[in-house]
Amino acid sequence: MAYELLVLDVDGTLMRTDKTISKKTIDAIVRIQQEGIKVAIASGRCTAGILPTARQIRLDEFAGYIVSYNGGCISNCQTGEIIYNINLPDGIVQEIYEFSKREKTGIMTYHDNDIIAENDADQYIQIDAKGCSIDIHVVEDFGKEVTYPVNKCLLTGDPDKMAGVEDRAARAFEGRLSVYRSEDFYVEMMPLGIDKAYGLAKLLQRLGYSRSQMICCGDGFNDISMIQYAGLGVAMANAGEQVRQSADYVAPHCDEDGLVDVISRFIDL
């Protein structure tokens with residue numbers, strides 16, 4: 001069966017390590033869209049933080065899709081239509097905040113196209129702000145001030161401690177939230193059952209495609225669910241061993257136009 005949907009993670013997959021996209025990669029992605037292949041970006045970033053990248057590969061021109069917040073929101077890049085959206089349960093942000101204080105981690109969320117955090121000097125929050133090209137809005141008391149609906153919270157901290165934080169968070173919120181790392185220094189606090197595979201299942205339903213018609217490419221821990229769910233799951237050579245082991249195919253490094261290799265091997269038939 002021919003592949004009809006190509007799904008791309010951003011950092012370390014679509015983007016090179018210098019946070020740029022090669023012209024060769026852009027040209028290949030644009031060409032397959034011209035030929036009728038749908039393209040989606042699936043990322044842990046907020047929607048506003050994905051839009052500039054989506055426009056670089058012309059998803060706005062070809063009605064491609066943005067799967068943001070690790071599957072918590074799906075939107076049409078051309079029309080802005082929200083196809084699916086889910087938020088954290090009412091009242092749980094305060095609990096997440098209290099947990100972060102006990103664990104001595106940073107904490108952030110998103111609202112009105114800004115990052116919301118208590119500390120704009122947190123290096124890991126700064127990484128997300130820079131990557132998404134959005135501002136950090138500092139609040140005095142995160143737990144009390146974040147009373148509006150949010151898609152997720154993100155715990156931040158040094159990589160050597162966040163695996164333990166992930167384990168303890170998973171136990172503390174078992175049956176209420178999905179908890180997993182997206183980077184060594186981020187722990188995602190998501191609505192229960194939500195990950196990239198879940199969001200993409202919603203998108204496939206909308207498009208009328210089966211999972212066997214979808215290629216998913218990624219390099220991070222949070223890409224494993226979609227890599228395993230896809231008809232063809234692709235890990236980049238720069239991905240960690242666990243991610244590579246979950247894939248059907250390992251593409252060249254993101255700095256070596258790995259996505260061009262995927263397109264030429266599996267779509268240009």
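The model is a predicted one, in which local features need pLDDT of at least 70, side-chain atom pairs count only at pLDDT 80 or more, and totals for chains, interfaces and linings use all residues. Residues are numbered from 1 along each chain as its sequence is written, and side-chain values use heavy atoms, with hydrogens and water left out.

I noted that E2 and E3 pair in the parallel sense over three bridges (strands are DSSP runs of E, at least two residues, and helices runs of H or I, at least four, numbered from the N terminus; two strands pair if DSSP finds at least two bridges between them). The chain passes from E2 through H2 to E3 in a right-handed β-α-β crossover, that is, clockwise from the first strand over the helix to the second with the strands pointing away from the viewer.

On the other pairing of E3, I found strand E4 (residues 73–76) antiparallel to E3 over four bridges, with isoleucine 66 opposite serine 75. Four residues separate E3 and E4 in this hairpin, and tyrosine 69 in the turn has a positive phi of about 50°.

Which residues of E3 point one way, and which the other? Tyr65 and Val67 point one way, Ile66 and Ser68 the other, and all are buried (under 20% relative accessible area, 1.4 Å probe, protein chains only). In a regular strand the side chains alternate between the two faces of the sheet.

Notes
Buried means under 20% relative accessible area, exposed over 50%, partly exposed in between (1.4 Å probe, protein chains only).
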